[in-house]
Amino acid sequence: FIPCRDFLPRGSGIVTRRPLILQLIFSKTEYAEFLHCKSKKFTDFDEVRQEIEAETDRVTGTNKGISPVPINLRVYSPHVLNLTLIDLPGITKVPVGDQPQDIEYQIKDMILQFISRESSLILAVTPANMDLANSDALKMAKEVDPQGLRTIGVITKLDLMDEGTDARDVLENKLLPLRRGYIGVVNRSQKDIDGKKDIRAALAAERKFFLSHPAYRHMADRMGTPHLQKVLNQQLTNHIRETLPSLRSKLQSQLLSLEKEVEEYKNFRPDDPTRKTKALLQMVQQFGVDFEKRIEGSGDQVDTLELSGGARINRIFHERFPFELVKMEFDEKDLRREISYAIKNIHGVTGLFTPDLAFEAIVKKQVVKLKEPCLKCVDLVIQELINTVRQCTSKLGSYPRLREETERIVTTHIREREGKTKDQV
């Protein structure tokens, strides 16, 4: 004999107005506790329902308001599997009471926050007495899970369908197929709940419905709430098995990045001024060493994805600069004509002057053509040096002001040298 607990609020209109994160935890004794009042243990589940309603009203008000702040409830019991369920508000189209005008979008955003997680299974609940093609639950599930790999379809209200119609094609996964299929359930009506109909009696009535209905009789063993529980248990176990390796590697990479960050703080003690100075000097020295290594090419952390630092500057000198020089236009016929005119112009009337001046005038004119590619080469090298500075200061990310000052001082120095270099060129 396994006791069934009934503690989620039910009623007309929008009842779930905040996400309810329900953690089921296997334990020898049975009780419930809320995160917002951890000191109190609930053994009467009617009180749990009342507390959910009261906590919802505390944040959202009593007039149908909504909030994305979740209610955290833990249920400890010997009759449960370790499992976390998240009960989300149903999608509302038209605002009522205190609800904002954009209620539909707010609820959609709230739902997407939870169902977008790759590690979660989506329970897309759709009533059988509405067209499945119009199901908001299935539409949203498809947005975040287009392959239908982690969506389980649940069809409710099968007993309320018009006479002569049934959901057989849907339940046989023929109409809108899902990888994990659909399960039909028949829940208690509001009248049943108001009349305190026992869950055990409701499960018996559900079983009788599927066994006696001609359209569902052949699949009665694959329908109903008990089967849904069993399937969820199996699917969740398989899902955890599939997602665990990627989750593990993700955690490992997070751990490594945290260890790396901790390493940066190891020499720093805020209460010790000598440590502060030492840490600052070490970081500045490290910056100098990193910069030198990137330019000289003797780095202990060699970039294998792209050229950086000295290698890029090398490429500018040996590939880009020669290419810019080759692009310069040169016509020998024009040059010969220019030389001829230069010699004649230098001779003038008397013709006494030697043609050295003519040679100088022609050479100057040709050399000036080199000026633009040379200055362009300087600009490219300067840009690469500044990029290298930024890469080297990334280690100072934990100290934004130090990083900013270091970049400013070094960049200013580079800019000063740029002016002198261009004068030299």
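Predicted model: local features only at pLDDT ≥ 70, side-chain atom pairs only at ≥ 80, totals over all residues.
**View 1. Two domains of the protein chain.** The chain is divided into domain 1 (20-231) and domain 2 (274-424), with bounds that come from an automatic or database domain assignment. Between the C-alpha centres of domain 1 and domain 2 there are 67 Å.

**View 2. A nonpolar patch around Leu-244.** Ile-240, Leu-244, Leu-247 and Leu-251 form this surface patch, with about 360 Å² of accessible area together. Accessible areas come from the Shrake-Rupley method with a 1.4 Å probe, and for residues only the protein chains shown count as cover. Patches are made of residues with over 30% relative accessible area and no salt bridge; like charges are joined within 9 Å, and nonpolar side chains (Val, Leu, Ile, Met, Phe, Trp, Tyr) within 5 Å. Leu-244 has a relative accessible area of 46%, so it is partly exposed. Here buried means under 20% relative accessible area, exposed over 50%, and partly exposed in between (1.4 Å probe, protein chains only). Helices (H or I, at least four residues) and strands (E, at least two) are DSSP runs, numbered from the N terminus.

View 3. A salt bridge is a side-chain nitrogen of Lys or Arg within 4 Å of a carboxyl oxygen of Asp or Glu, and the whole structure has 18 of them. Arg-49 and Asp-46 meet at 3.1 Å, N to O. These two residues are about one helical turn apart because they are three residues apart in helix H1 (residues 45-60). Arg-49 counts as buried at 19% relative accessibility, whereas Asp-46 is partly exposed at 35%. Lys-40 also forms a salt bridge, with Glu-47 (3.8 Å, N to O); Lys-40 is partly exposed at 42%, and Glu-47 is partly exposed at 33%.

**View 4. A network of salt bridges.** Arg-18, Glu-51, Glu-55 and Arg-58 are linked here. In the pair formed by Glu-51 and Arg-58, the closest N and O atoms are 2.7 Å apart. Glu-51 is buried, with a relative accessible area of 15%, while Arg-58 is exposed at 54%.

**View 5. Asp-145, a buried residue with no salt bridge.** Look for Asp-145 in the loop between helix H3 (136-144) and strand E7 (151-156). Asp-145 is buried, and the nearest side chain of opposite charge, Arg-150, is 4.5 Å away. The Asp-145 side chain does reach the backbone nitrogen of Leu-149, at 3.0 Å.

**View 6. Two alanines in helices.** Ala-205 lies in helix H6 (residues 199-212) and counts as partly exposed at 35% relative accessibility. Its C-alpha atom is separated by 9.4 Å from that of Asn-187, 18 residues apart along the chain. Ala-361 is found in helix H11 (residues 356-368) and is partly exposed, with a relative accessible area of 41%. Ala-361 and Ile-346 are 15 residues apart in sequence and 9.7 Å apart in space, C-alpha to C-alpha.

Methods:
Residues numbered from 1 in each chain as written. Heavy atoms only, no water. Lys, Arg positive; Asp, Glu negative; His and termini not counted. Polar contact = N/O pair within 3.5 Å; in protein donor to acceptor, adjacent residues only side chain to side chain.
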